[in-house]
Amino acid sequence: MDIKILGTGCAKCQQTEKLVREVLDETGVVAQVEKVADIKSITKYGVMLTPAVVVDGEVKIVGKIPKKEDIKSWLGK
Amino acid sequence: MKERTKLGIIIAVFLGAYYIPWNHPTVRQAGLEAFLMLQDYARLHVLTCLIPAFFIAGAISVFVSQASVLKYFGAQANRILSYSVASVSGTILAVCSCTVLPLFAGIYTRGAGIGPATAFLYSGPAINVLAIILTGRVLGWQLGVARAVGAVSFAVITGLLMALIFRKDDADRTNGSFVLPDEEDRSRRLWQDTVYMLTMVLILIFAAWAKPAPDATGLWPFIFSIKWYIVIALFILLGVILKSWFSREELKNWVNATWWFMKQIFPLLVGGVLVAGFLLGRPGYPALIPESYIQVLVGGNSLWANLFASVAGAFMYFATLTEVPILQGLLGTGMGQGPALALLLAGPALSLPSMIVIGSVMGLKKTAVFCAIIIVLSTAAGMIFGWIMG
């Protein structure tokens with residue numbers, strides 16, 4: 001599984017990354033997490049409001065911090 | 001933060017502690033001014049202005065649908081609408097300056113193009129609700145209004161000029177759609193949201209109602225004498241609204257968003273106030289930088305003073321809201337009203353770091369033209385405002 005966290009480095013983006021990693025630890029799902037901070041790459045996903053989370057190429061949430069339950073459902077848990 | 005940056009900071013603090021002549025009377029005075037200015041903010045602005053403003057900003061970010069605004073920036077959107085929405089949507093989209101750049105890049109490369117994108121880039125940081133409220137409160141309502149009006153009208157002018165100058169070259173644009181945030185189910189009607197926001201704005205206005213002049217008569221002193229009763233009544237109204245129209249979940253989100261803004265902005269603002277107090281002092285009190293320097297550079301309303309303020313503002317980086325205490329210090333040490341507006345109009349929209357990011361998105365040439373347009377417009381606005389304020 002491939003997870004990308006899109007964000008320019010603002011506090012909300014960091015919080016999002018932390019939450020995703022926490023959920024991965026809790027559920028034991030193995031996934032590659034990558035933080036994307038480059039604005040041009042972020043725009044390629046069609047995302048204008050950060051933070052955003054992309055799971056396997058699909059944009060799951062835009063413009064706000066996800067809830068833990070949301071993240072779990074994206075992981076199929 | 002990189003380890004090397006941390007080491008750099010520690011060395012800088014050490015050298016400062018070691019070499020700055022803290023015992024010198026001027027430095028002592030400046031240090032004292034820094035904390036006196038901080039106390040001024042704590043006493044005058046935090047409870048009645050900043051805290052209500054944070055709650056309003058939090059409410060906007062949670063309850064105003066961003067999707068409904070973003071759709072006006074799509075590639076197929078009506079041009080006139082795009083420009084109008086771009087020039088005012090900073091109020092609700094850009095409370096945090098870090099959201100402006102991705103939005104700008106998105107509008108530029110996938111959406112409505114360079115005109116609306118630069119219009120948004122320019123107006124966004126300048127007209128967010130916190131900035132306007134604090135500018136009006138601390139620097140006077142004239143500057144607050146001039147800032148809002150200037151930012152909106154120049155956004156449109158800048159956008160149109162950019163679109164005109166670069167009408168041929170719209171290369172490297174990927175056509176595609178945006179991923180919009182989900183439209184949430186609305187349990188309230190628009191008028192209910194409006195009443196809710198309005199109640200908070202009224203609390204802000206009445207809590208901050210200024211003390212009238214001793215010989216004033218009429219409505220102003222009357223409202224002042226009963227202002228706390230009005231505020232309490234409004235708070236009761238707000239309580240009723242929150243209880244009957246909002247779910248617990250929504251209230252939690254609102255408080256969380258407010259807390260986010262406070263956490264992000266308060267430390268920066270405290271730092272900004274301390275630095276401004278240390279360098280410039282409160283109005284009427286000298287600090288580190290002698291008043292004569294400020295008056296020579298940005299005093300009066302000459303073309304040179306306005307141009308200097310615009311250029312300095314364009315390159316300097318202001319963390320959210322810190323432009324306000326810095327300008328307060330500058331105005332207190334002899335800066336003219338015109339140059340102050342020029343700095344407010346050129347400052348928050350541009351900085352050296354943001355220029356670099358903008359440059360990576362739309363290239364050196366367009367970025368240079370964009371900056372030049374803003375500097376020229378800000379200088380002109382400063383001259384006109386300075387002349388009106390006479």
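**View 1. Buried side of helix H1(A).** In this predicted model, the buried residues of H1(A) (20 or more other C-beta atoms within 10 Å of their own, C-beta atoms being placed from the backbone) are A:Lys12, A:Cys13, A:Thr16, A:Val20 and A:Val23. They lie on the same side of H1(A) because they cover an arc of only 100 degrees around the axis, taken from the directions from the helix axis to the C-beta atoms. The opposite face, turned away from the buried side, carries A:Lys18, A:Glu22, A:Asp25 and A:Glu26, which are exposed (12 or fewer such atoms).

**View 2. Extent and end of H1(A).** This helix, a DSSP run of H or I with at least four residues, spans residues 11-27 of chain A. Its 17 residues reach 24 Å from first C-alpha to last, close to the 24 Å expected at 1.5 Å a residue (1.5 Å times one less than the number of residues). A:Gly28 follows H1(A) and has a positive phi, near 75 degrees.

**View 3. Contact between chains A and B.** The contact (C-beta atoms, placed from the backbone, within 7 Å) takes 18 residues from chain A and 24 residues from chain B. On the side of chain A that touches chain B, H2(A) supplies the largest share, five residues. That side divides into ten nonpolar, five polar and three charged residues; Asp, Glu, Lys and Arg count as charged, Ala, Val, Leu, Ile, Met, Phe, Trp, Tyr, Cys and Pro as nonpolar, and the others, Gly among them, as polar.

Residues are numbered from 1 along each chain as its sequence is written, and chains are lettered from A in the order in which they are written. Local features need pLDDT (the predictor's confidence in each residue, from 0 to 100) of at least 70, whereas totals for chains, interfaces and linings use all residues.

Key: Predicted model: local features only at pLDDT ≥ 70, side-chain atom pairs only at ≥ 80, totals over all residues. Helix = DSSP H or I, 4+ residues; strand = E, 2+ residues; numbered from the N terminus. Contact = placed C-beta atoms within 7 Å.
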